[in-house]
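The sequence and structure come first.

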Amino acid sequence: MSEVSMTRKQQDLILPNGTPVDTSSPASSSSLLNRLQLDDDLDGETRDLFVTVDDPKKHVSTMETYITYRVCTKTTRTEFDLPEYSVRRRYQDFDWLRNKLEESQPTHLIPPLPEKFVMKGVVDRFSEEFVETRRKALDKFLKRVADHPVLSFNEHFNAFLSAKDLNKRQGLALLTKMGESVKYVTGGYKLRARPVEFAAMGDYLDVFTQKLGTIDRIAQRIIKEQSEFLMELREYGPVYSSWSSFEEDLHDPLEGVSGCVSNCSSALEELTEDMSEDFLPVLREYVLYIESMKNVLKKRDQVQAEYETKLEAVVFREDKKTPVPSDVEKCQDRVECFNADLKADWDRWQNNKRQDFRQLLTGMADKNIQYYEKCLAAWESLIPLLQDKQDAKGETN
Amino acid sequence: SARVMPTQERKLFSSTLFHKIFKAHTSLSLKKCKGCLYKISTSMVEKGTSLLKMMEISVAEAEKRTGKNAVNMQETYTVYLIETRPVDAASEGTNPVPDSLWRRYSEFELLRNYLLVTYPFSVVPPLPEKRAEFVWHKLSADNMDPDFVERRRVGLENFLLRVASHPDLSSDKIFYSFLTEENGWKETVFETGFQAKADSRLKALNATFRVKNPDKRFAEMKHYGDELQSVISQLLRVRARAADRLYGVYKVHGNYGRVFSEWSAIEKEMGDGLQSAGHHMDAYAASVDDILEEEEHYADQLKEYLFYADALRAVCRKHELTQYELEMAAQDLTSKKQQREELATGTIRTFSLKGMTSKLFGQETPEQREAKVKMLETQIEEGEELVKERNTECEEFVKSAWVDIERFKEQKDHDLREALISYAIMQISMCKKGIQVWNNAKECFSKM
């Protein structure tokens, strides 16, 4: 199997016992800390788990070609044997992790992963842009899990971060998948009415999805219009150049304008690319996040429904077919647990959402500001060039 | 509705004073008016033309009129108010009521056609376009559209100022009466008989194809005119398409305004930030209208030189015509001289009907021959006179025309440079506005 580094040329040293040795500078403590985005509302709370995803590498074998990413962990938690880890994982592994988390922590909201499948003809799975976009999303995914007070202590998460070889674990996991999932699959009980607070959540999510969809469409439309504007600019600039070719006095000014338009074109191209690569994917990821949340709400409904049905049966029936009261108590516990977890997760999610969108929209504003600043600089530097000959002429007169 | 001037001011406009004016060189650029970006640049002015020293000219207003046209049908047209004001009085601070009259576009056209025929060696300033061309989708191509009428008003004023600052054209009587005599002006123009002097298209085309030795400089100028016209046309076309796209980019951002507002309704902490950011997005979307209106002025400046290219080529074509006529006269003279020689020596080198008939029907008598020789002599004399005349004509034309072409070149370089500068300033202003709006939005987002 050959390895091709996607971004930097580095050697990963992995000792025989599976523990990695970080020799490359980007993974050193200070730079790792620098690259992490610290959650700014954890006042006083000291973080003890830092995770990053970087260094995509292409692997080519006879069977398949795929990308792996380096997952670096730094932690002081006792649940981990070592303070630092560096492992390589592929998308498949992230997907496995997410599924395990969903199964083992069904009352919690699990962050979304970027889209699994990409149409082979349409998107180049190995292009720099695609890989980078995916890397960012995977990084975000792990960070969200790492920040979660419950999910971050999940054993599968631990294994994901620390195990050298996940494959064996995955194999076992497949077998136990059926067993575990039985736990919370309830037999299709029907819920009469969602409690007000959860109904409100559901409504909120519905409207929010709608608005995100609209914003996505608007952003796409803007990118399209900008691309078409760019096309015209690319034709516009050169006309000034060809004009300058048969002018004497006006040669330099016209060339200057041509150059200026060209600079603005490049700046616009950058803006459009940035919006495509950074803005849209995050937006879409949130739609997936909302879907996950909706599913959790539905699961909660199921649990409540089961409880209510069983409770009713106890209340209205008196013969031996009635379920054991302790069973009903268990259900009640489950409902209450779920509700509590969900509420906590909801609040956390709302907060993260606010920060994420603040960052996203501020980023969008920044990109536009940078675009205009580049254009401004180009045109301002042109003015003295345009006025130049006039002054020279004045002097010779 | 011409206003009556007090008799004191009328003196300034008497024809005797008018005839005393002398020519001088000027390169007065376009006058700044009502928010448009043309500006007076007096950097090259030595002496203004006498006309401009005497009076201020402006096209102050435009009005719609309805009336019966030549075929007795109702039509709607626009008239423009030409105002003239004595310079001295204005500087004294007395600020009298300006003299004024109404003219429609067709009268401007008539004036220009007259000038074209009467001053063929001058690069005659062009009129603003008859119909709106190179429009982008938002602009109406309708001649009655108020924006179009306004831009045309500015263009017509520009035309008058250009003519008034031209060393030769400014002293023309017809031009003067165009500015001052509302009634009967048309008749006066027709009375000059200029239409008869106009060269037919066919004649001009013929000359272009057949001229053998046009002045190189004029040939180059004509080629330059072709290239200028081609490149400015292309520029205007692409610019219009780009303007269309830019409009789209800005306007779609307005949709953010609406969706942010709707979204803010379901948010608690984020709501205010989103709502105010949305307002900035609306402002951003709205700002494109002013931006593109300003750019239209730049397009108008380019258009003027697009049409100027045509005027330049007209002068070159006139040169070709005068040169061709000279060549024709010279050729004719040469052939007549040859005929005389043949008659004298008896050799027939050139084909002539007479020669053939004489071969067929026998030689002529000596008397007949002598009569022929005499006739030829007269023709040769006349021919030589004609060649002399045409040669002088040609030389004088070349001299005058080249002077005006040089003047035009300087004016063109200056004006287009100014146009590019104001275009750059426009772009800078647009960028600054963009930065401001997005900074405002960013502030709102950061408060989310």
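## Salt bridges, cysteines and the A–B interface

Arg284(A) is partly exposed, with 39% relative accessible area (buried means under 20%, exposed over 50%, partly exposed in between; 1.4 Å probe, protein chains only). This is a predicted model, in which local features need pLDDT of at least 70, side-chain atom pairs count only at pLDDT 80 or more, and totals for chains, interfaces and linings use all residues. Residues are numbered from 1 along each chain as its sequence is written, chains are lettered from A and ligands numbered from 1 in the order in which they are written, and side-chain values use heavy atoms, with hydrogens and water left out.

**Chain A**

Chain A holds eight helices and six strands. Helices (H or I, at least four residues) and strands (E, at least two) are DSSP runs, numbered from the N terminus. Their order from the N terminus is β-β-β-α-β-β-β-α-α-α-α-α-α-α. Of the 397 residues in chain A, 48% are buried. A contact means heavy atoms within 4.5 Å. Among contacts in chain A between residues at least 6 apart in sequence, 74% join residues at least 24 apart.

**Salt bridges**

Side chains of opposite charge can pair when their charged atoms come close. A salt bridge here is a side-chain nitrogen of Lys or Arg within 4 Å of a carboxyl oxygen of Asp or Glu. The whole structure has 68 of them over all chains.

| Residue | Partner | N to O distance |
|---|---|---|
| Asp216(A) | Arg284(A) | 2.9 Å |
| Glu269(A) | Arg234(A) | 2.7 Å |
| Glu235(A) | Arg241(B) | 3.0 Å |
| Lys211(A) | Glu262(B) | 2.7 Å |

Take Asp216(A) and Arg284(A), which form a salt bridge. The pair links distant parts of the chain: Asp216(A) sits in helix α6 (residues 196–244) of chain A, Arg284(A) in helix α7 (residues 251–316) of chain A, 68 residues apart. Asp216(A) is buried, at 11% relative accessibility.

Glu269(A) and Arg234(A) also meet in a salt bridge. Glu269(A) belongs to helix α7 of chain A and Arg234(A) to helix α6 of chain A, so this pair ties together parts 35 residues apart in sequence. Glu269(A) is partly exposed at 33% relative accessibility. Arg234(A) is partly exposed at 39%.

Arg241(B) is partly exposed at 33%. Glu235(A) is partly exposed at 37%.

Within chain B, a network of salt bridges links Arg151(B), Arg239(B), Glu295(B), Glu296(B) and Asp300(B).

**The interface**

Chain B contributes 56 residues to the contact and chain A contributes 53. The area buried between the two chains is about 5500 Å², of which carbon and sulfur atoms give 74%. Buried area is the accessible area (1.4 Å probe) that two parts lose on being put together, summed over both. Arg245(B), Tyr256(B) and Arg417(B) supply 13% of the area that chain B buries against chain A, more than any other three residues.

There are 10 salt bridges between chain B and chain A. The interface also shows 17 residue pairs in polar contact, both residues at pLDDT 80 or more. A polar contact is a pair of N or O atoms within 3.5 Å; within protein, one must be able to donate a hydrogen and the other to accept it, and residues adjacent in sequence count only if both atoms are side-chain atoms.

On the side of chain B that touches chain A, the elements giving two or more residues are α11, α12 (271–345) and α14 (366–446) of chain B. Helix α11(B) gives the most, with 24 residues.

**Asp404(B)**

Asp404(B) lies in helix α14 of chain B. This residue is buried, at 2% relative accessibility. The Asp404(B) side chain makes a polar contact with that of Arg407(B) at 2.7 Å. Not counting residues up to four places away in sequence, Asp404(B) touches Phe121(B), Ser122(B), Val123(B) and His166(B).

**Cysteines**

The count is zero disulfides over all chains, a disulfide being a pair of cysteine sulfur atoms within 2.5 Å. Cys260(A) is in no disulfide: the nearest cysteine sulfur, that of Cys264(A), is 5.4 Å away. Cys260(A) is buried at 3% relative accessible area.
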